[in-house]
Amino acid sequence: MPTVRLNIAPRIIQNIASLYTDVYRVLMEYVDNSLDDVEQPGFYISSAGLSPIDAYKGEIEITIKIESKSVKDGTVTITDNCNGISKLKNIIQNLGNSCKRSSSFTNGQFGYEIFSFMSICSKMEITTKHLENKKAEYVCINSSDFEQDNIDNVMFNIHEIDNTLQHNSGTKVVLSNFTNYAWRELN
């Protein structure tokens, strides 16, 4: 009996993203990722479980900034001062196999929410610095990257860069190249 390998066309990721019909729901996915990050052991929760509310002495900062009045050059930036993404490669590479699946206190069971940006814009840039990493990581993803016939043709360059974030750890997501509809909803 011959063995057949499953090959998924990357365009299906754009189709999944199109299920996000509410602009604010897409933005909430990125805020939710920040909140999930806070709930990981080492930031707000001990490895044994939930810590007392006063165990964390710092403030959690999550901001959403909408810049410009024009769809042509408009951006939305979501930043946080949380742990940062420890393995950016895994987050991007393992679509449908979220490490949050085994976590009882976080969302994101499938790991494709990071690609939800494609329902409102065509470009996403992520800069992240995890507490354990010496350098920050940067990746730029365009929806056109997924207009391929074979998943082996979709690759992203993750660059190690000096930390340009406001805090020692955290994540910044910049969304741009919005659809006209999404930009009108934001403004």
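Are phenylalanine 115 and phenylalanine 146 buried or exposed? In this predicted model, phenylalanine 115 is buried, and phenylalanine 146 is buried too.

Now for the rings themselves. The structure holds three aromatic pairs. One of them joins phenylalanine 115 to phenylalanine 146 in an edge-to-face arrangement, with 5.4 Å from centre to centre and 75° between the planes. Phenylalanine 115 sits in the loop between α3 (88-93) and β5 (121-129), while phenylalanine 146 sits in the loop between β6 (136-142) and β7 (159-161), so this pair ties together parts that are 31 residues apart in sequence.

Phenylalanine 146 has another partner as well: its ring centre lies 5.8 Å from that of phenylalanine 156, and the planes meet at 45°, so this pair is tilted. Here both residues belong to the loop between β6 and β7, ten residues apart. Phenylalanine 156 is partly exposed, with a relative accessible area of 22%. Put together, Phe115, Phe146 and Phe156 make up one aromatic cluster.

Over to the surface, where Leu6, Ile8 and Ile12 form a nonpolar patch.

How values were computed. Residues are numbered from 1 along each chain as its sequence is written. This is a predicted model: local features need pLDDT of at least 70, side-chain atom pairs count only at pLDDT 80 or more; totals for chains, interfaces and linings use all residues. Side-chain values use heavy atoms; hydrogens and water are left out. Patches are made of residues with over 30% relative accessible area and no salt bridge: like charges are joined within 9 Å, nonpolar side chains (Val, Leu, Ile, Met, Phe, Trp, Tyr) within 5 Å. Accessible areas come from the Shrake-Rupley method with a 1.4 Å probe; for residues, only the protein chains shown count as cover. A salt bridge is a side-chain nitrogen of Lys or Arg within 4 Å of a carboxyl oxygen of Asp or Glu. Rings of Phe, Tyr and Trp (its six-membered ring) pair if their centres lie within 6.5 Å; planes under 30 degrees apart count as stacked, over 60 as edge-to-face and the rest as tilted. Helices (H or I, at least four residues) and strands (E, at least two) are DSSP runs, numbered from the N terminus. Buried means under 20% relative accessible area, exposed over 50%, partly exposed in between (1.4 Å probe, protein chains only).
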